[in-house]
Every structure is written in structure tokens, then in C-alpha cells.
Amino acid sequence: MSFLRYSGKALFSSISRSYAAEWNAKISTGRFVIQDHLKEVLAQNGPVVALESTILTHGMPFPENLEMARSVENIIRQAGAEPATIALLSGKVHIGLTDSQLAELADSSRTAGSECVKVSRRDIAYTLNQGLLGGTTISATMFLAHKAGIKVFVSGGLGGVHRGGESSMDISADLTELGKTPVALVTSGVKSILDIGRTLEFLETQGVCVATFGPSTQFPAFFTRDSGHHSICNLNSYDDAAQLIHTTFSMDLNNGILIANPIAEEYEVDGHQIEECIQRAVTEAEDLKIKGKAITPYVLQQVNQLTQGRSLKANVALVESNALVGAEIAVRLSKLENCDNKVKPCNPLIPRQVQNSNSISTTSSKSALDTPRVAVVGASNLDCVLHLLNDSVQFHGHTNNALSTVCSGGVGRNLCDGLSRLGFNPLFLSAVGNDVNGEKIISMSKYMDWSNVLHLPQQNTAYYTVILDSKGDLYLGVGDMKIHDQITPQYIKENDEMLKEAPLIIMDGNLSLECMKAIGEIASEHQIPIFYEPTDIEKASKPFIAGIGDSITFIKPNLKEFKQIYYQVTGHDPKLLDGQTDQLNEQLSELCTRINIPCILITLGTEGVLCYKKHSPHLHFPFNNLEESKAISILKNTEEEVCIHVAARPVDHIASVSGAGDCMAIGFICGYLRRQDLVTSVLLGSEAARLSLLSYDTVPDSIQCLHG
């Protein structure tokens, strides 16, 4: 996205180097030998693609296997990722092989004294102890790749449930590995010599998401594009695949993903003939009583002979295609997750020693505590989100089925969390109890500095239960918020030395009127802008009731909250129009001029967001050179005021709306603090809100993509 810019590259480089040192120290010991260039890429969370080695040692004849391995590695490099072929050599796990090591593996079956062992997860320890040469299967490669921090793995075809497996229990370890190891595997489906239907059923039982890469859900069978079975979904682009992987891994589901990439149509022409040869080879294997892991190499060798090499050519083509798909996905996944290296998780009770995000120096010894920090004052809750599964709600003692999620929440905490993830290291003033829920909130908020938060004995940490309807919209909220009364004017004054240095004070509607007055006095005396997050309809008007309305610079209500604020300020019902969006926007633009707030951000749900700003000597927020587009409508643009409407980007599957408003504020504030223009800041807010809609977390991990 062209509108996302960030000048703190030096900060990122500094943190990344420290990560590299820690990571290299970790992997340089023990059984792992990782190529130096891969160490650096992995330490930077760069794109790396794992490759198995049994395709070299047991899957293809020499020298075609070596030519294939070199070709696949080159394809991955050309796509912008790094290949990491994994094998066991001389009692060590090698992540990434030299060309001479590839050649040794490829020629192992022909070299006396160097016969290679086919290594599944079960065989890793024995092979290492014996110092044997080992070609890793899918299960072993997945396990070792995960240990090395590699998230994407490319292979040819997946093992599965063997025919007759319901009685023989002959089930590939590849399937159970997918059920417990968080690595995304790209293959051309399941080999047709297996029972594909039972294989997919087994993967479902293991909780593995199976997706076809392409326009349909048809599940491929190695040499053929359609096995007659279907994946649960399809992925139309590399970005779709990367987003699925990122979401799956961020949810800590602790299982893999199978991405089935169908063989190219030009090679499928031979696929049906190859199938006949496969059936013949399977029958021969049964007659010869060949079982277990010896079946696949035998069948592939026989098929290659029966097809006069055509099956080998198709095999190489599908592996090369998978390599390209895997590399492109890895590059995009790295971009999604790379922000994890930009903001390092901190000890929640010790202030982070990270430079201010606007700094351009990486050598200064000045800590974040010596530079102005944006201040956030507000609620910290433990949230229980119940997402109803049925459209209708039953009362009078009935139990309604729902999906439950427990996460850290509270408007103030959410805003602080999001800004912390984006590198701003806010000062956070809030209150939690010395109880299990308080400990849980802190442990789940690993990016935040909690050192100035009140930790109160014999007090319950705030707990909020939100019920969402089947569409993800808010149905009911119930909360125990009494502890927020402990955020007192005295507590605010105890922290006034840091507050008066803040470039911005953010406060939510959970604060008492007296507390708001104390904040307003500090902001007014030191000319500090205040961003007010109304929280809900009843709390929207509190600053104006407290008499500090003139101290508010930014306010972000939804439509109902704006109506309440307008009534409180003017004494009149705004009588908002129910007609077309354009008419409502024009009306809101006029109404905003009657409220003495320099910048108003009104969220309109699926209709987007309206932003009004008027000239103020205390608000430096450029809004010139506006250009209208499909997404942006200009309602006013004069020397004194500007008003724009930004349309919402469509979201196909909404997980939850509970964090969208807070994330809108996070993105907008991020733009303001980075001295971006008005439009860019609103667009940042809109994108942050969209990312929140895709997640059950109020502040999703994906918001960190706005960091750079």
C-alpha cells in the first residue's frame, strides 16, 4: 500500500541485529548445522522454504534427482526466498546443503558405504546417534523445519492412508505431523496409490486445513488435477495463502496447513496413462508382499520404467511448480510477519529501553524514558467474547450455542497495545487487581509497558463479557468495571511530570468526571492535544459534562455517540437523515462545524468513516492537495475546514467487530504521531479496522504490518 510510510528504519535495523545475535547463539549449539546465510535470513524473519531430501535419495534416479534439486533451489532463489534442503549428515541435522552435499545425497545409492537411510520423525534420533546419512521424509522435514523456524515447506506428493489402511493401520506419519507441527506444506496433493478419501478424513480429524491453490476446491492426486475429492477451501492468490498461514499460526493452533497445488495441465495429459501404470505397479507390489515405506519408491521406479520416463518428467515439473508457489507464498508471509522483528516483546513490568520511533540514530544511549511518550489513560479488562452460532436467541432458561474467546481488552489497554506494537512505547495509566485475571491480561499484552499501572490488592480486575450475534455484531455487553474508580485525580497528578511532556494524551470514556478534569487541566496548561475515545453512548458526553470540552482536540464517536455528543454540546437533537449515504455525509459535515472540536472522526460501520478538521493553532495536521477518488469523497476543502469521507474496504468473512473502532483509532493516531497528512492517517485507521474485522482478537497481530 503506497500510503504506508515510516521513517524509523534505523530502529528496525538495530533491533533486527540484536535478534540475529540472539537467534544465532541459539541455533549454533547442539545437533543443528545451519548455513550461515540462512541463519541471517531466519534471524530477520526472512522468506525461507524448506525442502525434503528423500526425493533426492529415494524418489528419483541419478542424475535426474540432482538436476531436479538444483533447479528447485534456483527457482526458489529467483522468487526472492532462500531454499533450505534438510538432511542428516554425520550425526548432525543440516538445514541447507552445499552443492557437494546435494551431490552426495543424490548419488548415495550408487556409492559404496554411503547408502542413505529414509528418515521419518521416528528415525531421527537413531540416525543421528549412528552417524548415518539420512534423507528426510515429509514428517521429519516438517519437524526439523519448525525447530529451525521455517514456516513454509515444499514437496512433491504427500503420504497418506494406504489402501486397506482401515484394517492394516498403515498410515503415513506425514499426516500426524501435519496435525501437530505448525508448518505450511505445499504439495501436488496425495499420491494416487493411496486411499485419498480416507487420507482427507484423517487430516480433518487431525485439525489440518486443506486448501487447493487455484480457482476450484478440486483436490489433486499427484499426476492428475482432480482426484474426485475436494479441499475445504481454495486459495486464489499467493497473498490469500500467506494470509491464511499467518492467521492460522497467530492463533497458536499448533498444526500445519496443506496447500495442494495441481499439476500443470500440459503434464496432466500423460497423467491418466500414468495412473494405469500405477495400478499395475501397486498390484505387483502386493504380489511381492512389499509393504510400509518401501512401497512408494518401488511403485515410482516401476512406473518410470513402464512410462519410459514420462512419469519422471511430470514429477519434476510438479515439484518445480510447487517450489515456485511455496517461494512466492514465503515472500508474502515474511512481509506479513516481518513486523514481529520491528517491535520486540518486553517484560510487561519493566519499561522497554527502545528509542523513540522518530529517532534516526541507533547509537544514542538515551532511553525511551528520556524522550516524550504518548500517554494513554483508560481501562484494562479481561474480555470474554461469545459469538452466537444461531440467528435467533432463546431466553427463559435456554442455552444458546456460541464460540468463546478470552482475550485482553479495555479501550485504553487496546489503544496502548496497538501503539506499542507500532513502536511508540506509550506511558500507560490504568488499574488491575493482584489476581489471576490481572496476571493474565499482563501476560497477554507482551508489547506493553505496565510499570506505571496500579496493581491493587483485594480488587477484582475488570471483566467484560461481550455477546456477538451470528453476524459478528454486538448484541449485549456485561461488565464488572468497578476497579476503574481507582484511576483517581491523585493518581493522575502523581504522573503529571510524564504527562506534561507527552505529545498526545489519549483517554477513554471509562474514567470518572473528576479524573477527566485532572487530565484536562494538565493538557490545557501545557497545550497538549487530547484524543478522546467515547467508548459507548452513555459515556460519549462525559468530557463536556466535566467541562473540558475545549481541551479535546480529537474525538472518534460512532454515529450514535456523535448524536449524543451533539445534543450535549448544542442542546438540540441533530435529527440525522436515514436516506442515502451522500445525504447523511453532507449533513454530518455541517453538524461538525457547530461542535468546537478541531478534529472529529465519525465511524459509519460498513459505510466507512467521515473525518472533519478545522483550522486550529494547536493542531498541525496538513490537509491540502486532496484528490477525490472512488474511496475518498471531499465534502469540504477550504482554508478553515476540511471534511472527507473514506469508504470502507469490503471484508468477506467478519470474525468480530468488537475491536474495529479501537483499531481505527490506533491507525489514525499512528498517522498523526508520524506527522502524516490527514488522508493518510484516515487510511491507516481504515486499514487497521479492516484487519481487526478479520480476527477474534481486539488488536490482531496483523496490525503490526502498519509499522513500516
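Mentor: Two strands pair if DSSP finds at least two bridges between them. Helices (H or I, at least four residues) and strands (E, at least two) are DSSP runs, numbered from the N terminus. This is a predicted model, where local features need pLDDT of at least 70, side-chain atom pairs count only at pLDDT 80 or more, and totals for chains, interfaces and linings use all residues. Residues are numbered from 1 along each chain as its sequence is written, and side-chain values use heavy atoms, with hydrogens and water left out.

Trainee: How many bridges join β10 to β11?

Mentor: There are 3, and the strands run antiparallel. β10 covers residues 218-221 and β11 covers 224-230. Gln 218 faces His 230 of β11. The hairpin has 2 residues between its strands, and Phe 222 has a positive phi near 65 degrees.

Trainee: How many helices and strands does the protein have?

Mentor: It has 25 helices and 28 strands. Take helix α2, residues 36-43: Leu 38, Lys 39, Val 41, Leu 42 and Ala 43 are buried there. Buried means under 20% relative accessible area, exposed over 50%, partly exposed in between (1.4 Å probe, protein chains only). Just after α2, Asn 45 has a positive phi of about 60 degrees. Of the protein's 708 residues, 56% count as buried.

Trainee: What does Ser 420 look like, buried or exposed?

Mentor: Ser 420 is buried, at 1% relative accessibility. It sits in helix α16, residues 411-421. A polar atom of its side chain lies 2.7 Å from the backbone oxygen of Cys 416. Along the chain, Ser 420 and Ile 666 are 246 residues apart, yet their C-alpha atoms are separated by 9.9 Å.

Trainee: Which residues is Tyr 696 in contact with, beyond its neighbours within four places in sequence?

Mentor: Contact means heavy atoms within 4.5 Å. The partners of Tyr 696 are His 387, Leu 403, Thr 405, Cys 407, Ala 655 and Ser 656. Tyr 696 belongs to the segment after α25 and is partly exposed, at 26%. Val 385 is 311 residues from Tyr 696 in sequence, but 8.3 Å away, C-alpha to C-alpha. Across the protein, 70% of contacts between residues at least 6 apart join residues at least 24 apart.

Trainee: How many salt bridges does a search of the whole structure find?

Mentor: Side chains of opposite charge can pair when their charged atoms come close. The criterion is a side-chain nitrogen of Lys or Arg within 4 Å of a carboxyl oxygen of Asp or Glu. The search finds 21. One of them joins Glu 328 and Arg 332, with the closest N and O atoms 2.8 Å apart.

Trainee: How far apart are Glu 328 and Arg 332 in helix α15?

Mentor: An α-helix has 3.6 residues a turn, so residues three or four places apart point the same way. Glu 328 and Arg 332 are 4 residues apart in α15 (310-337), so about one helical turn separates them. Glu 328 is buried at 19%, while Arg 332 is partly exposed at 24%.

Trainee: Which residue does Glu 687 meet in a salt bridge?

Mentor: Arg 690, at 2.9 Å, N to O. Being 3 residues apart in helix α25, Glu 687 and Arg 690 are also about one helical turn apart. Glu 687 is buried at 6%, and Arg 690 is buried at 18%. Elsewhere, salt bridges with shared partners join Arg 413, Asp 417, Arg 421 and Asp 701 into one network.

How values were computed. A polar contact is a pair of N or O atoms within 3.5 Å; within protein, one must be able to donate a hydrogen and the other to accept it, and residues adjacent in sequence count only if both atoms are side-chain atoms.
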